[in-house]
Amino acid sequence: MNFDPASLLESILFAAGDSVPKDQLAEIMELSEEAVDQAADKLNREYKERGRGLMVILLEDSYQLCTSETFYPYIQKLKEPKRRQNLSPAALETLAVVAYHQPVTRSSIEFIRGVNSDGPVNKLIERGLIEEHGRLDAPGRPILYVTTQEFLRSFGLSSLSGLPDPEPVRINEDENGENMDISLD
């Protein structure tokens, strides 16, 4: 059967209920990845023109059907009011280290932060913001951590390239009494 690619994409994303990699969509839809991109763009244009409550978002190389940000306050009323816990400063710092240095080991996180990071790492895994991503080929084979698509969704990013450039950190003074900038890269 012949279907409009935008309608087919909409159906697949609705049924999936989560993000679907673009290459998998192309295979399922029997189209090129470029045609999948065009179908997603067409859907978003139609949703916007008609003032619909849905949109298709790109998360790295995956698409997901989700509700429009405009209707978020109303959707929240549907859910049971649950207290949203903010991340602690330690967890935010740990998350920043993972985001900017991934894949990264726990010992590297602790070296950069200068303190034990077991608690924040475990909290970030529990919240689905970071995940294990294999092991480093080194003695002890430490676990590598990376950010997740939930991290991208939570911070309104489509990819890690949307992260702001890290600002230089001022440390110590040189022999002339001037502050020295160092890069965190």
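How many helices and strands does the protein have? The predicted model contains 8 helices and 8 strands, taken as DSSP runs (H or I of at least four residues for helices, E of at least two for strands) and numbered from the N terminus. Residues are numbered from 1 along each chain as its sequence is written. Because the model is predicted, local features need pLDDT of at least 70 and side-chain atom pairs count only at pLDDT 80 or more, while totals for chains, interfaces and linings use all residues, and side-chain values use heavy atoms, without hydrogens or water.

Of the 185 residues in the protein, 28% are buried (under 20% relative accessible area; exposed is over 50% and partly exposed lies in between, with a 1.4 Å probe and protein chains only). The accessible surface amounts to about 12,800 Å², and carbon and sulfur atoms account for 49% of this surface; the areas come from the Shrake-Rupley method with a 1.4 Å probe.

Helix H5 (residues 89–101) packs against helix H7 (residues 118–126) at an angle of about 75°, and their axes lie 9 Å apart. H5 is therefore roughly perpendicular to H7 (65 to 115 degrees; under 35 is roughly parallel, over 145 roughly antiparallel and the rest oblique). On the H5 side the contact (heavy atoms within 4.5 Å) involves Ala 90, Ala 91, Thr 94 and Leu 95, and on the H7 side Pro 120, Val 121 and Leu 124. The residues of this contact comprise 6 nonpolar, 1 polar and no charged (nonpolar: Ala, Val, Leu, Ile, Met, Phe, Trp, Tyr, Cys and Pro; charged: Asp, Glu, Lys and Arg; polar: the others, Gly among them).

The count of aromatic pairs is 1, with ring centres required to lie within 6.5 Å. The rings of Phe 151 and Phe 155 have centres 5.0 Å apart and planes at 45°, so the pair is tilted (planes under 30 degrees apart are stacked, over 60 edge-to-face and the rest tilted). Phe 151 is buried at 3% relative accessibility, whereas Phe 155 is partly exposed at 43%.

Most residues other than glycine have a negative phi, and most peptide bonds are trans. Glu 30, in the loop between helix H2 (22–29) and helix H3 (33–49), has a positive phi of about 60° and is exposed, with a relative accessible area of 71%. Arg 141 has a positive phi of about 45°; this residue lies in the loop between strand E5 (130–135) and strand E6 (143–147) and is partly exposed at 41% relative accessibility. Gln 102 and Pro 103 are joined by a cis peptide bond with omega of about -10°, and Pro 103 is located in the loop between H5 and strand E4 (104–105).

Methods: Axes fitted to C-alpha atoms, helices over the stretch in contact; angles between N-to-C directions. Phe/Tyr/Trp six-rings, centres within 6.5 Å; stacked < 30°, edge-to-face > 60°.
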